[in-house]
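Please open the structure in your viewer and keep the selection panel at hand.

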Amino acid sequence: EMMMFSNYASKCNFKPENGQEVVVFGSIDAYVGRGTYQIIVYQMEEVGAGAQLLELEKLKKKLLEEGLFDESRKRKINLYPHAIGVITAPNSAAIKDILFNLKRRYPIADIYVFYSAVQGENAPKELLKAFELSQTYPLDTLLIGRGGGASEDLSAFNDEKLVRAIDL
């Protein structure tokens, strides 16, 4: 049996559900007469996707407080770009779709492609490297994208170094 007093529960930033995997910090009480144990929970954290979401929210809050998402920092997208850069995975459905649509909708633009992993352990580093390389080209528009996927698969796009590099 687990129990969490309201003063500790109010500090919990998610609503736990039955069957959800969590990590708890607390103390164990034993009721010898009944032969039962009880965990008094002081802190509870989500595991897995929930923990990733928690980290993403912390990063978002930090960057928001620093002003990185302020309207004044946003740049206008060029309506008639001359040179479009694309960062995505090689041999993917995403690159095929992006190139097909760019050529169909705006065939006069020069297209530069910079390949990178878009998921997995190396993806944040590769995306940053591809972004830095793209900045040495005469681009006026840059697309960084991929196909769909689970939120864990998209986490490379939430890398703080990449967000900060793009914001400059």
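What follows is a series of selections, each with a note on what is there.

This is a predicted model, in which local features need pLDDT of at least 70, side-chain atom pairs count only at pLDDT 80 or more, and totals for chains, interfaces and linings use all residues. Residues are numbered from 1 along each chain as its sequence is written, and side-chain values use heavy atoms, with hydrogens and water left out.

Begin with the largest pocket, which holds about 1,000 Å³ of space. A pocket here is an open set of points on a 1 Å grid over the protein atoms alone, where a 1.4 Å probe fits and protein lies on both sides within 12 Å along at least five of seven lines, and lining residues have an atom within 4 Å of a point. The volume is the space filled by probe spheres set on the points, which are joined across faces, edges and corners.

Select Arg-75, Ile-77, Thr-141, Leu-142 and Ile-166, which are the closest to the pocket's centre among its 31 lining residues. Then colour helix H4 (123-134), strand E6 (141-144) and helix H5 (160-167), the elements that each give two or more residues to this lining; H5 supplies the largest share, five residues.

Next, select Glu-160, found in helix H5.

Conventions:
Helices (H or I, at least four residues) and strands (E, at least two) are DSSP runs, numbered from the N terminus.
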